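Please examine the protein chain shown below. The paragraphs that follow begin with a single residue and then turn to the chain as a whole.

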Amino acid sequence: MAQGRLDIVLAEFHARLEGRAESAHDLIRRIPEVVHRQGRAGGVPRPIRDFEPDGLAARLVGTLDGILAPGDLTVIQEFDVERLDAIAAAVSDYERSLSVRRAEVHRMIDDIQAEVVRRYRDGSATVDQLLVDEADH
């Protein structure tokens with residue numbers, strides 16, 4: 001969500017710098033192009049994990065909304081270039097902090113998975129023992 005909002009703000013910012021005045025309708029029509037044009041990190045996508053973030057998502061979105069609420073996007077043409085620049089910087093900083101946190105979480109997941117694999121390979125953990133431990137609980 002942060003990256004999408006940043007893409008939209010930057011599209012408006014660049015349109016202004018290029019002297020193009022877009023209506024809200026024009027910008028909305030261009031959103032698929034704007035979002036697609038922005039490069040995304042490469043790599044193998046991780047499998048989707050089904051879990052309830054226990055309010056974390058709401059807190060993260062709330063912080064993003066404090067920087068740039070969805071309703072602000074409907075009146076983005078009313079913002080001057082300086083405000084667009086400030087919003088882009090704030091959203092970019094927030095998105096970068098989320099990316100760092102996400103990378104840390106995925107590093108921990110990778111470390112845990114590597115440890116599980118190591119334990120099964122060296123025999124310090126077995127499926128039989130796992131089943132016995134589960135049955136005891």
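Ala89 counts as partly exposed because its relative accessibility is 39%; buried means under 20% relative accessible area, exposed over 50%, and partly exposed in between, with a 1.4 Å probe and protein chains only. This residue belongs to helix 5, which covers residues 81-122. Although Ala89 and Leu10 are 79 residues apart in sequence, their C-alpha atoms are 9.8 Å apart in space.

The model is predicted: local features need pLDDT of at least 70, side-chain atom pairs count only at pLDDT 80 or more, and totals for chains, interfaces and linings use all residues. Residues are numbered from 1 along each chain as its sequence is written, and side-chain values use heavy atoms, with hydrogens and water left out.

The protein chain as a whole has 6 helices and 0 strands. Here helices (H or I, at least four residues) and strands (E, at least two) are DSSP runs, numbered from the N terminus. Read from that end, the order of elements is α-α-α-α-α-α.

Of the 137 residues in the chain, 20% are buried. The chain exposes about 9900 Å², and carbon and sulfur atoms supply 58% of this area, as computed by the Shrake-Rupley method with a 1.4 Å probe. Among contacts (heavy atoms within 4.5 Å) between residues at least 6 apart in sequence, 73% join residues at least 24 apart.

Which residue lies over the face of Phe79? Arg83 does, at 3.9 Å from the ring centre; a charge sits over a ring if NZ of Lys or CZ of Arg is within 6 Å of the ring centre and within 35 degrees of the ring normal.
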